Amino acid sequence: MSCAQTIADYALRSVGIGERLLPRSDFTLCQQFTLIGSGMIWNVYFGLFALFFGFFLATAVAMGKSARNPLIRKPAEWFIFIFRGSPLFIQFFFAYFAFLSLKSVSPFFDAFTSAWLGALIVLFLNTAAYSGEIFYGALRSIPRGDVEAADAYGFSGWTRFRRIIWPTMLRLAWPAYTNEAIFLFHATTLVFFSGFPAFQQRGDALYYANYFADKTFNPFVPYPILAGYFILLTLALIGVFGLVNRHLNRHLPQEARRPLRVRPNVIR
Amino acid sequence: MFSFCTDPSILPDWQWMACYLTTGKHMAFYVSFGTVLLLLAITAPVSLGFGFLGAMAARARLWPVRILGRAYIAVVRGVPDIAFFLFFVIALDQAFEWLRHKVLCPDWDQPIRQGNDFVVCAEAKLPLGTAPQWIHETYGFGLAVLTFAIVFGAFAANVIFGAMRTVPRAQMETAEAYGMTRRQSFWRILVPQMWVYALPGLSNLWMILIKATPLLFLLGVEDIVYWARELGGAKTPRFTDYPHPDWRMWYFLALLVFYLAFTKLSEIVLERLMQRLTHGQATMGGEAQRKAAA
């Protein structure tokens, strides 16, 4: 079987398009590259959506944690503590089994037990908590002078938040937020190892890498391929976040702009 | 466990619960919490050692060593850690068996990789096929510890490498002015001073290490996740004296609470430690303490 044929068969295998059966023996390098790459679709899907929705919740949580009213502050603090204080792996397991028991109560929860929604919700809440803490730290380090200047110009309420506080918070938080985004993409590899079933063997990149390693008993091919894909993904993320960083810092004098420093990878 | 546990089906609720929670399997579940703590207790110092070696290598003068140290830090940190866990467990196992194979069976002529199999001679198998069960379990646990230590060693190496660079340059210059050799100034000046700078990063790492322990499950060790899945699953009266529906959710809730309590406790202890270490230091923290006292 030629490599082009393999790509046609397996490039979209992880979303259920193409050849139904996974290769069972005589694995070629091309098959491993294609299937693991196909699995990356899931990693990108989970990462992008969790990051996008999590961003808004994170802003809300950060505002909540810095609120003076304890009725708002306490829930935000607890939310952050619960999701940052426990392993993501256990959160996945708990959420999966919780959705499973809810499923027997009402068919409304059917979709929640499959990875595309259930795991996405866990990742969304998790990244919201981690980014919320980052944004909260940034909120606290907004220079007093900036806020005073806003007051002097007659900004108040929503406009002051929208025009002054929020952009400054993002600018200060951006390097740490970039790291968080990278961790999040790495964390998506946990999904199919934590209860959520890979329906018809539609898994993510690590799922397929693990499949090949189990079948060939040779970890030295699939895992480096997976690592290569993730390094590419990380570089792409750094590129995109670097562009945003430049946009956020565009008003600063040239030498005050700090280039983005990235320290990837922390397990959660 | 208790004398009234002989026929659980007729017991009132609280007694049933007391009996249920003290069955032999539950005892194994409680012991597995000890496994997690043991893993932490061994892994933390070992990975600190790996980290120290890595940091030393990364700032070595000899360039091959320096490249090796920096590559170790960069590669492990750039790839999803769970991939490393899955990779190292097999890779280390095969590496050990291959080494033993080379030493113990020098006149073996067949290839080691035969299609999808990894074949070494019987004497080189690790652990030996005849070994008792506990050796198999210990070997698996040892592999897990080594894997954790390699991955977390890279993180620790990065923290320590950074801390070594944060020690004020003037301190090292003074050491040179006193005529200390590079080695002397490293061991007598740099190493004792860097810990204050390394502590925030290392305590962060400790938190991460705690949260990485459930991954033991993926390495094939019978840890708390394994038992929670095992015990929580629905049980029918045919196979057990204590039938119950699917309780895995509650077991994982218990694990969640355990981890939350553990991280909270660590946070408090590390905060105390930091307070003590910053005392009298020429840092912002030390300055704040001095002002508060005055």
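A crossing of two helices is called right-handed if the near helix is turned clockwise from the far one by less than a right angle, and left-handed if anticlockwise.

The model is predicted, so to speak of local features takes a pLDDT of at least 70 and side-chain atom pairs count only at pLDDT 80 or more, while totals for chains, interfaces and linings use all residues. Side-chain values use heavy atoms, with hydrogens and water left out; residues are numbered from 1 along each chain as its sequence is written, and chains are lettered from A and ligands numbered from 1 in the order in which they are written.

Chain A has nine helices and zero strands, where helices (H or I, at least four residues) and strands (E, at least two) are DSSP runs numbered from the N terminus. Its C-alpha trace spans about 70 × 50 × 25 Å along the principal axes.

Much of what follows concerns helix α2(A). With 37 residues, α2(A) should span 54 Å at 1.5 Å a residue, and its end C-alpha atoms sit 50 Å apart, which agrees; the expected span is 1.5 Å times one less than the number of residues. There is a bend of about 30° at Phe55(A), taken as the angle between axes fitted to the seven residues ending there and the seven starting there.

Now for the partners of α2(A). Its axis and that of α7(A), residues 157-187, come within 11 Å and cross at roughly 140°, which makes the two helices oblique. Axes here are lines fitted to C-alpha atoms, for helices over the stretch in contact, with angles from 0 to 180 degrees between N-to-C directions; under 35 degrees counts as roughly parallel, over 145 as roughly antiparallel, 65 to 115 as roughly perpendicular and the rest as oblique. The α2(A)/α7(A) crossing is right-handed. Phe55(A), the site of the bend, is one of the α2(A) residues in this contact, and Trp166(A) is among those from α7(A); contact means heavy atoms within 4.5 Å. By class there are 14 nonpolar, three polar and no charged residues, with Ala, Val, Leu, Ile, Met, Phe, Trp, Tyr, Cys and Pro as nonpolar, Asp, Glu, Lys and Arg as charged, and the others, Gly among them, as polar.

With α9(A), residues 222-248, the axes come within 10 Å and cross at roughly 35°, again right-handed. Residues in this contact include Phe33(A) and Tyr229(A), and the classes come to 12 nonpolar, three polar and no charged. For α8(A), residues 205-216, the axes come within 6 Å and cross at roughly 150°, so α2(A) and α8(A) are roughly antiparallel. Gln31(A) and Tyr208(A) are among the residues that meet, in a contact of seven nonpolar, four polar and no charged residues.

Over in chain B, α2(B) has 35 residues and reaches 49 Å, close to the expected 51 Å. A kink of about 25° lies at Thr43(B), shortly before Pro45(B).
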